[in-house]
Structure formats: structure tokens, C-alpha cells
Amino acid sequence: MNFAGKTALVTGGSRGIGRAIAVEFARHGADLALIGRDADALKESAHLCAEARPGAVAEIFQADVTDQAAVDRAVGEAASRFGRIDYAVSNAGQSADALLLRLRPETIDRMIDVNLKSAFYLCGAVARPMMKQRSGSIVLMTSIVGLTGNAGQAAYAASKAGLIALCKSVAKELGSRNIRVNAVAPGLIETAMTEKMPDAAREFLIKQAALGRAGKPEDVSGVVAFLCSDAAGYITGQTLVVDGGILI
């Protein structure tokens, strides 16, 4: 893969999978626009991008991804800074567990705002420069829970399932402008979020995986890079599962 001269924009790139995605893009030649609220964590991601490829440019644009005006502003600044946006990854996300009868309205709102609405806002913002370029690739980070559902995660699962439908719909809207939209559904990946899982739940998922282990952020970042590359030039509207064989 060669992303030299290209710009990749990543939300949720301050840690875990998002950070690995940013570093992967940098390693293959892209410059980075990192959008998020945690400036210190994003600076560390930018530093890692520079380590992955000397000369890589990684700029930080602070914004709350649940605020449409803030996302529009950050994307506009990024497009102005780099002159183009070739790839956009919506990776911002949160998880909150609660059984249906104990699910509070504010928890539902938070899951929809962070996991789903933020992707709507990002797609709308990056579509403008991509349509002018008549090229681009968008990747939405969903979850295998969005495909299967999970007891105690109704709000999280619903928000992640929504991303799959969003992916298909936007792919149909933007395909005529040579803009591809795909989704990636990770399984159990070793991140700060999954570290909080009960040991029994982690062990169960690992046993379910055909590969017999949890994944690493790098297992996901390479797939995202592939979907943005020319090798995936005829793939759009798809959800690629990266779960080590949990769902088979």
C-alpha cells in the first residue's frame, strides 16, 4: 500500500484501535488529521505517527465529535490545512452496559450520540471535499455486537448496528462520485475498553474464537488501511468482520 501524498482523517485516534489506525496510515505514507477532545493523548498519537515514518505530518484538530458544528469546523480546517481529505475513519466510540429494564435514558442518548451521530456528522463533513475531488474512502468502526446483539448491551449494540445501515446507505449515495464507504466490525480486541470486561466474559469470547486469542489493535488497523487502498477499489457498502473467528 502506498498512501504517499494522501491525507487520512481519523476520529477517536487518541488510543487503542484509533491510534493504531493513525500509525498504520502514517507508516504507508499518509499525513494525518486527528480529531478529538483529548489533546494530550492525540499529541502522543501524532508523535507515534512521526516515529512510524520520519517526516510524517500529523495535525491535531480539537473537537467534540458529538457536536455537528464542531465536526464541520474541524474537518474544514483539516481540508484547508492539507488541501484534500482522501480517507476518513469514524472510530470514536464508547460502551455502556446495562440490562434493558435498568437502562437509563441518558445512557441511550450517550451511546447514540457518540457511536452513531458522530459518524453521521463525519460522513456529512468529509463528503463535501471528497465530492469535489471525486474520490475518497470512508470507514466506519462498528462491532460484532452490532451484528449479533448482546444481553446487557442493548444501547451499545443498537448504535453499532445503526452504523452498518449508515454505511450501506451512504455508499449508495456517494458511489457515483467515486467515494467508497465500508465498515469494520472488530471482535474482542485488546484495548483499554475491553480491559474493563469481567474475566469470565473475556475468557468466553477467547474460547469462541477459532484463533483462540484476543486480537490486537494492529489486527484491525491493517484491515482499515486495506479498505482505503486501491486493492479495495471495487469494495463498497460492506462490513468486514475482524474477530478471529468468533462468529463462525
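Me: In which loop is the place of Asn91?
Reply: The model considered here is predicted. Strand E4 covers 87-90 and helix H4 covers 105-133. Asn91 has its place in the loop between strand E4 and helix H4.

Me: Is Asn91 buried or exposed?
Reply: A residue counts as buried when its relative accessible area is under 20%. The relative accessibility of Asn91 is 13%, so Asn91 counts as buried.

Me: With which residues is Asn91 in contact, leaving aside its neighbours within four places in sequence?
Reply: Contact requires heavy atoms within 4.5 Å. With the neighbours within four places set aside, the partners of Asn91 are Thr11, Gly12, Ile17, Gly18, Ile21 and Met141.

Me: How many helices and strands does the secondary structure of the protein come to?
Reply: The question now passes from one residue to the protein. Its secondary structure amounts to 9 helices and 7 strands.

Me: Why does the radius of gyration of the protein agree with that of a compact globule?
Reply: The C-alpha trace spans about 50 × 35 × 35 Å along the principal axes. For 248 residues, a compact globule would have a radius of gyration near 18 Å, and the protein therefore agrees with its value of 17 Å.

Me: What share of the contacts with a separation of 6 or more comes from residues 24 or more positions apart?
Reply: In the protein, 50% of the 248 residues count as buried. Among contacts with a separation of 6 or more, the share from residues 24 or more positions apart is 74%.

Me: How far apart are the mean positions of the positive and negative charges?
Reply: The protein has 27 positive and 25 negative charges. Their mean positions are separated by 5 Å.

Key: Residues numbered from 1 in each chain as written. Predicted model: local features only at pLDDT ≥ 70, side-chain atom pairs only at ≥ 80, totals over all residues. Heavy atoms only, no water. Helix = DSSP H or I, 4+ residues; strand = E, 2+ residues; numbered from the N terminus. Rg over C-alpha atoms; globule rule 2.2 N^0.38 Å. Buried < 20%, exposed > 50% of the residue type's maximum accessible area, 1.4 Å probe, protein only. Lys, Arg positive; Asp, Glu negative; His and termini not counted. Charge placed at Lys NZ, Arg CZ, Asp CG, Glu CD.
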